[in-house]
Amino acid sequence: DTGVSQDPRHKITKRGQNVTFRCDPISEHNRLYWYRQTLGQGPEFLTYFQNEAQLEKSRLLSDRFSAERPKGSFSTLEIQRTEQGDSAMYLCASSLASRGRSYNEQFFGPGTRLTVL
Amino acid sequence: GQQLNQSPQSMFIQEGEDVSMNCTSSSIFNTWLWYKQDPGEGPVLLIALYKAGELTSNGRLTAQFGITRKDSFLNISASIPSDVGIYFCAGPPDQGNMLTFGGGTRLMVKP
């Protein structure tokens, strides 16, 4: 496994700007998840995909947030009209149910740290 | 929503000491996961537990799935400096497909 990769690793933006993050899951993992983590807290679920279908969204995912996984491989998370409260680490994870392993065993990428000025 | 409570919140120990931390929930979990996170990085999966009472080891790490299904424990034996980091418990609530995480236990090891 080459691991989950995320790009960029860091993003600084001004309030009101739009930002987009990319996640490349472990190849052949059909589930992909987005989480948000603020300082001193554990990650909080935002949304997940099975293949290209977005199956669940958290109440944390406001209308300014949109996620896509058009071909069932990489995913993008876009935040429109960023606010200072959006500053956080955005984590992507992927998983695959297989013999001896369930979808719950999620493998995380290094995250994208967003700072909104 | 369901919450996972981890204790202690932080620990400062001497290299070579054993470490114990736990995670409790007000409701039943059918899966418990333990992750370690280094500063500026994503969480790394350490151990997954699927059966009540299950005891699973990964090197110097041992985790247990509590019999009540409402708690889990992680032990680290003979700690070393690279054990420093934040340890999170996690699990899928209500047969959900996402993970709920605890607040973490920050481990610091003095050489």
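How many salt bridges does the rule find across the interface of chain B and chain A? There is one, counting a side-chain nitrogen of Lys or Arg within 4 Å of a carboxyl oxygen of Asp or Glu. It joins the side chains of B:Glu41 and A:Arg9, at 3.5 Å from N to O. This is a predicted model, so local features need pLDDT of at least 70 and side-chain atom pairs count only at pLDDT 80 or more, while totals for chains, interfaces and linings use all residues. Residues are numbered from 1 along each chain as its sequence is written, chains are lettered from A in the order written, and side-chain values use heavy atoms, with hydrogens and water left out.

As for the contact itself (heavy atoms within 4.5 Å), chain B puts in 20 residues and chain A 22. Together the two chains bury about 1600 Å², 53% of it on carbon and sulfur atoms; this is the accessible area (1.4 Å probe) lost on putting the two parts together, summed over both.

Turning to the aromatic rings, pairs are taken with centres within 6.5 Å, and planes under 30 degrees apart count as stacked, over 60 as edge-to-face and the rest as tilted. The count comes to 14 pairs over all chains. A:Tyr33 and A:Tyr35 make a tilted pair, with centres 6.4 Å apart and planes at 35 degrees. Both A:Tyr33 and A:Tyr35 are buried, that is, under 20% relative accessible area (1.4 Å probe, protein chains only). B:Tyr35 and B:Phe101 are tilted too, at 5.6 Å and 45 degrees. One aromatic cluster takes in these four residues along with A:Phe45, A:Tyr48, A:Phe108 and B:Phe88.

Conventions
Rings of Phe, Tyr and Trp (its six-membered ring) pair if their centres lie within 6.5 Å; planes under 30 degrees apart count as stacked, over 60 as edge-to-face and the rest as tilted. Buried means under 20% relative accessible area, exposed over 50%, partly exposed in between (1.4 Å probe, protein chains only).
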